[in-house]
Amino acid sequence: MNDPIPQHRLSLETIAAAPASIDPVFLQTPQFESAGLSETLGCRLTLKVETANPIRSFKGRGAGYFIDAIGKRGEQRQLVCASTGNFGQAMAFACRAHERGLIVFADTSANELKMNRIRELGAEVRLEGADFDEAKEAARQFCAEREAWMIEDGREPEISEGAGTIGVELTRRRNYDAIVLPVGNGALISGVARWVKAVSPLTRVIGVSAAGADAMAESWRSSGIVERPGAETIAEGIAVRVPVPEAVDDMRPIVDEMVLVSDEQMLAAMRTIHRLAGQVAEPAAAAGIAAIAAEPDKFAALDVATVLTGNNLTEAQLDRWLGA
C-alpha cells in the first residue's frame with residue numbers, strides 16, 4: 001500500500017493491526033446497500049451500521065484500542081474523560097474489561113440514558129457545566145489538581161486509529177465515489193479518511209457538522225482553530241464548540257469537504273432511515289444521510305457510503321422524533 005501522507009500523525013500500519021486489540025463485538029459490523037434509501041436519494045447508498053453492540057455506537061473501537069495500548073505501555077494514572085455519552089460509554093466498557101478506573105465528566109443536561117449506562121459499566125459520572133465544553137474544562141481542572149490523565153476523543157491518536165478500522169472494513173468490499181461521515185471531535189473521520197485515502201485516493205471523504213455547531217467545519221476551512229460561544233443543536237454527538245487542535249490537523253490533508261446540516265434535516269433523515277432501512281439513528285448518526293438528501297445532485301448516480309454511528313435515544317426522544 002502506498003502511503004500518500006507518510007508524515008501523518010495516524011499510522012496505516014497501526015490501523016491495520018488495531019482489530020487484534022479491539023473486542024470483536026465491535027468489529028465486522030453490518031454494511032449493506034439499502035435499496036429504499038438508494039432509490040430515494042438517487043445514488044447507490046451503502047449503510048454501515050455501528051449500533052449493534054453493547055454500547056450502541058462505533059466508539060468502542062477507538063476506546064478499546066486505546067485502553068489496550070496504554071495497558072501494554074504500563075500506564076497507571078487515573079483516567080478521566082468528558083463525554084456527551086457515547087465516548088464515555090465506550091471508555092467505561094473498555095476500562096471495565098481491563099479493570100481500570102474511570103471518571104467521566106458530562107454537563108448537567110446530559111442524556112440521562114447515556115449517563116446511567118456509563119454508571120452501569122462501572123465508571124463514576126460527574127455532572128458539571130452547562131455544555132460539553134464546560135464539562136471538559138471541569139475535567140481538565142480535576143486532572144490538573146489530581147495529576148490524573150485527561151483523555152480526549154480526537155487528541156489521542158490510538159482512538160482515531162481504532163475508529164479507522166471502519167474504513168478498513170468499508171473498503172474491503174469495494175471502493176466508493178464518496179464516504180460521508182458525521183464530525184464530532186474528529187476521530188471517526190480522521191481514522192477512516194486516513195485509510196481510505198491510501199487505498200482509494202479518488203474517494204471523496206466528506207464531513208458533516210451541525211449548522212448550530214460549526215466549529216469543526218470552520219476550523220477545517222481556516223488556518224487555525226475557530227471556537228464558538230455555544231453549540232445549538234439536538235445532535236449532542238457532534239455539538240462541539242471548542243475543537244481539539246490535533247484532530248483538526250489530522251483532518252486537513254485527508255478530508256475533501258465539510259458541509260453543514262440543520263436539526264430539521266437530521267430529524268428528517270432519522271425518519272427516512274427508520275422508514276426505509278429499518279434502523280434507529282440518533283441525530284448525529286443521521287447527519288450523513290441528511291447531507292446527501294440536502295444536495296442530491298452532488299451525489300446523483302454515485303456509489304456512496306455513510307455510517308450510522310449511534311442510536312442511544314431515550315424513550316421520550318424516540319416518541320418525539322420517531323413516533324416509536
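Predicted model: local features only at pLDDT ≥ 70, side-chain atom pairs only at ≥ 80, totals over all residues.

Guide: Residues are numbered from 1 along each chain as its sequence is written, and side-chain values use heavy atoms, with hydrogens and water left out.

Visitor: How are the rings of phenylalanine 66 and tryptophan 149 arranged?
Guide: Rings of Phe, Tyr and Trp (its six-membered ring) pair if their centres lie within 6.5 Å; planes under 30 degrees apart are stacked, over 60 edge-to-face, and the rest tilted. Here the centres are 5.5 Å apart and the planes make 65 degrees, so the pair counts as edge-to-face.

Visitor: How many residues apart in sequence are the parts this pair ties together?
Guide: Helices (H or I, at least four residues) and strands (E, at least two) are DSSP runs, numbered from the N terminus. Phenylalanine 66 belongs to helix α3 and tryptophan 149 to strand β6, so the parts they tie together are separated by 83 residues.

Visitor: Is glutamate 147 buried or exposed?
Guide: Buried means under 20% relative accessible area, exposed over 50%, and partly exposed in between (1.4 Å probe, protein chains only). Glutamate 147 lies in the loop between α6 and β6, and has a positive phi of about 55 degrees although it isn't a glycine. Its relative accessible area is 68%, so glutamate 147 is exposed.
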